[in-house]
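Here is a short briefing to read alongside the structure. Take a moment to find your way around the picture, then follow the topics in turn.

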Amino acid sequence: MLKLPIYLDNSATTPADPRVVDTMVPYFYEHFGNAASRSHPFGWEAEDAVDQARERIGKLIGATDKEIIITSGATEADNLAIKGVYDMYSRKGNHIVTVTTEHKAVLDTCKHLEKQGAQITYLKTDAEGNIDLNELESVVTDKTIMVAVMYANNEIGTIAPIRQIADIAHKKGALMFSDATQAAGKISIDVDRDGIDLMAFTAHKMYGPKGVGALYVRRKNPRVKVTAQMDGGGHERGMRSGTLNVPGIVGFGKAAELAMMEMEIDAARLSVMRDRLENELCKIEESYVNGNRRSRLPHITNISFKYVEGEGLMMAFNQNIAVSSGSACTSASLEPSYVLKALGLGDDLAHSSIRFSLGRFTTDEQIQYTIDHVTKAVNKLRDMSPLWEMFKQGIDLNSIEWAEH
Ligand SMILES: *Cc1c(COP(=O)(O)O)cnc(C)c1O
């Protein structure tokens, strides 16, 4: 029997892999020591476990253990990277280049710095979420200290040409920072191959625990430094103080190790399921896939169902399918997704979009249920929609003002 509800919101968070939790448990009980306690075996054990985890986390992205700064998640890592570099490299300049479709943890951090005198360039994207590399080249100057572009977008899955972006940044001596939260553990990342100087990622989007993440900070060619945003005992080589979350870090390490081993096979399986879901849902009239279908994550599809409201659709799922909507009230507001709007979608299409994100534990049976259920729900909502009725009758809807949502 199919168990409901079905979870297709793995880009918001993933369930922890049982193998991850198993490795964590001993670090709450027997091995509960503080990794900074240098004078007794409890501390040494914890430190050894953290060292091993750090190595595994680094290995996932082609980095050494010393380049991994543990944080509370990707939000903190984004803050540390951007604020830390802004402060550390103030002699070179005050200019940062980023993109309008970045995560709020990047955009809001940039806005914060703007108030302190930073000059921020927000690049626009095309309709698939790609930036224009020529435009990037034209805005990077000798005063640019950082180019911040996410590895893959969390709403549409579009993957950025990170190496090319990094090369453009490096030509002017700017650092390449990437929020790789959605890509880490899902597709191959190698900080040397990709030319990345700083990179943020988090455990809870790769089957690890919540509340632990990392900032990769390059140590060689060049040696990168960030000013600490959290002062205290000088943990994490002075870049991030605070007692380490040992069980969380151990879990993150295990999650990274599993991702190393299983990423390829997971990606192959998930992209087949995702494509099937997408192809079937695209058989619904007036449905459109958002994002770049040639360069994107294997487990995400974002589809707009015209003449249907995302919120109404979510309601029609009757809590049986957990997904994200382009009109999800992330911040109490009813504004449609700023990412979809940045792609040029009108309010109506942005409001009518749904992100389906699959994960390691998604089954074919769940996908089949979702196809059937969503198709039925869209048809039912359209049957009740006067706009759909007009569309079917060939009335030009562009001549009609859309209602305010
Ligand atoms: C989820 C996410 C974050 C935030 O990560 P937390 O670990 O929850 O703070 C940042 N950036 C992107 C792209 C994300 O998808």
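**Around the ligand**

A polar side-chain atom of Lys-205 sits 2.7 Å from an oxygen atom of the ligand. Keep in mind that this is a predicted model.

- The protein covers 86% of the 390 Å² of accessible area that the ligand has on its own.
- Gln-182 also places a polar side-chain atom 2.7 Å from an oxygen atom of the ligand.
- How many residues surround the ligand? There are 13, and the closest are Thr-75, Asp-179, Gln-182, Thr-202 and Lys-205.
- Sorted by class, this shell holds two nonpolar, eight polar and three charged residues.
- Helix 3, which spans residues 74-88, gives the most to the shell, with three residues.

Two packed helices are described by the angle between their axes and the distance between the axes.

- Helix 3 packs with helix 4 (residues 104-115) at an angle of about 30°, and their axes are 9 Å apart.
- This crossing of helix 3 and helix 4 is right-handed.
- On the helix 3 side, the contact is made by Thr-75, Asp-78, Asn-79, Ile-82, Lys-83 and Tyr-86.
- On the helix 4 side, the residues are Ala-105, Val-106, Thr-109, Cys-110, His-112 and Leu-113.
- By class, the contact of helix 3 with helix 4 has six nonpolar, four polar and two charged residues.

**Helix 2 with helix 8**

- Which way do helix 2 and helix 8 cross, left-handed or right-handed? Their crossing is left-handed.
- The axes of helix 2 (residues 41-60) and helix 8 (residues 246-281) come within 8 Å and cross at roughly 35°.
- Helix 2 brings residues including Ala-46, Ala-49, Val-50 and Ala-53 to this meeting, while those from helix 8 include Val-246, Ile-249, Phe-252 and Met-263.
- The residues of this contact divide into 14 nonpolar, one polar and four charged.

**Peptide bonds and backbone angles**

Most residues other than glycine have a negative phi, and most peptide bonds are trans.

- The peptide bond from Leu-4 to Pro-5 is cis, with omega near -5°.
- Pro-5 belongs to the segment before strand 1 (6-7).
- Asn-221 and Pro-222 are also joined by a cis peptide bond, and omega there is about -5°.
- Pro-222 lies in the loop between strand 8 (213-217) and helix 8, and Asn-221 has its place in the loop between strand 8 and helix 8 too.
- Phi of Asn-221 is near 50°, a positive value in a residue other than glycine.

How values were computed
Residues numbered from 1 in each chain as written. Predicted model: local features only at pLDDT ≥ 70, side-chain atom pairs only at ≥ 80, totals over all residues. Heavy atoms only, no water. Near = heavy atom within 4 Å. Polar contact = N/O pair within 3.5 Å; in protein donor to acceptor, adjacent residues only side chain to side chain. Areas by Shrake-Rupley, 256 points an atom, 1.4 Å probe, with all protein chains shown as cover. Helix = DSSP H or I, 4+ residues; strand = E, 2+ residues; numbered from the N terminus. Nonpolar A, V, L, I, M, F, W, Y, C, P; charged D, E, K, R; others polar. Axes fitted to C-alpha atoms, helices over the stretch in contact; angles between N-to-C directions. Left-handed = near helix turned anticlockwise from the far one by under 90°. Contact = heavy atoms within 4.5 Å.
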